[in-house]
Amino acid sequence: MRRAMDHICTSSRADQYLEERINSRASSLFKARNDLPQLVVFLLFLSKDAHGRRTLQANQPVQINHISELKQLQKKETTACVQVYTVAQLRSWTTLNISSELFHHLLSFQSSWPYFWKSVLTFGIRSVENEYGFPPFRAKSSQTVDGKVNEIAYVIRRAERNQRPTSQGECPWSIRQTGVYHKLTYPHDGSSSSSAFILIAPSHAVENEVSQSFQGSPVEEDIMKPHFSMHESLIADGLKGWMDYMAWLEAECKQKADRLIVWDVEDRDKHKTYFDVDDRQRLKQLEDYITDLMVILQTAVDTIGRVGKSCQRHCQESCDPRNGCSCRYMLREFDEYAAEGRVYLKRAKVLKDRVQSTEQLLTDLLSFEETRALKQLARASHIETKTLKELTETSQRESHYVAELAERSVEDAAAVKMLSLVGLVYLPTTIVANFFSTEFVKVNEEGAMYISPWVWILVAIAVPLTLVTIFLWILSVRYSDSPWFLKVTRIRRQPTSHRERGLEREVDLEQGRLRGRMEPGSSQGSVPLFSLMRPSTYATTTTTTKAD
């Protein structure tokens, strides 16, 4: 296969870069299928009808699947004035339904112009389509042993409806293309000229035009009929879908624009947004569609004009000016097609301006919406800052009140401590006085002091009671934080003001901290008995009780 391709490329005079591209794309460009013919050949003959007029007659299409069948067709003597070779493509972006060997043999037999390969390379499997990768129209004239040869090659694009669902935002249109190669030969002996066409992926309408419309058409004085009517059919088929495609693009753009226009900017009470960033992306997608459309239409207008010039050259070489000709009618048709293409191009430019203006309006509205959202956020932040400031001032006032209360508690604790010290000084005297005032100590008439023998009862009762009192005091200090003790021994008044409630929370937090310090198992360990009897500890306990 490699040797065959090298031979074909050499015979077709392809340059090295083009040959490398052909070899690299062979697997993604050609693949024959068993259920479809690889090559369909249409042969058109000139004949005379019953009135003696020359007409075009078409035989049944010939299906070719092997090189041997193509060689057999070529060996037959034929007087066909037009030969049309069509290569089918099942779907866009798929391989051509023909083997690489058969296609190369076809180009070798027709001695096709290597430039046609640039049109062929636009087909096949690809992941992305670049509109700038399609070659423009190109024509060439040369002299061979058979006579003068004019060759033209181009790609004509068309818009067709597809079967994709539009619910997911898919485009219901597909852009397809047809590769065209035309070889027009003028023999040296002055006989009638002949044409050979190679059509890559033509539409069904064009195939029907070849097999049915041309058959039986009179060509008595129509020099263009058997040679350039094919181009007229291809151009007409390529232009017919663009108006509907642009109408769909305009409807999509208008739908987005209407949603932007009906949005009430000043309606703040019932604010509802009819658009989002997805609309911005959709408009950008539509703009890309229109940009590709403008490139396609510009290339189509240039192609139509160049085909018209080729038709005019054919008229100059084939028609006798003295007898007049009917070529001007077809030339006018090509001029009309070119004018139609220019109208579509102008509409595409206007449509692009409309999409861009809608896109700009959407951008401005999104910026406006974002600015309003930022203002609302700033307003909410200002209110929150003001609230935090008020809470801070309230907290400062409560802290100042707590500090005053703590200072007063310290003063009260100092006063209690002083009273305790005074009571401790007079406590022995009080005990002695109380003892001598009891019935256990009496003074008789003679002034002698008498102590009752039942004085041991006082000792027996006072000493245990003293020990029980000391034990209960130790328990109250150690277990003063237990719930049951607080419930039994404390009677708390319900706070009546916000300040008292805040102060109560502060005191509860302080008591919690003190409880954490006195928990068993902490780093300080158990509190010894003598530490509980220190004046500072007593003052702290008294202050806490007073605060409660």
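Start by selecting residues 456-477: this stretch is 100% helix and 0% strand, with its end C-alpha atoms 32 Å apart (helices are DSSP runs of H or I, at least four residues, and strands runs of E, at least two, numbered from the N terminus). This is a predicted model, where local features need pLDDT of at least 70 and side-chain atom pairs count only at pLDDT 80 or more, while totals for chains, interfaces and linings use all residues. Residues are numbered from 1 along each chain as its sequence is written, and side-chain values use heavy atoms, with hydrogens and water left out.

Next, select helix 9 (residues 277-318) and helix 10 (residues 327-436). Their axes come within 9 Å and cross at roughly 165° (axes are lines fitted to C-alpha atoms over the stretch in contact, with angles from 0 to 180 degrees between N-to-C directions). Helix 9 and helix 10 are therefore roughly antiparallel, the word for angles over 145 degrees. Their contact residues divide into 23 nonpolar, eight polar and eight charged (Ala, Val, Leu, Ile, Met, Phe, Trp, Tyr, Cys and Pro count as nonpolar, Asp, Glu, Lys and Arg as charged, the others, Gly among them, as polar).

Notes. Parallel < 35°, antiparallel > 145°, perpendicular 65-115°, else oblique.
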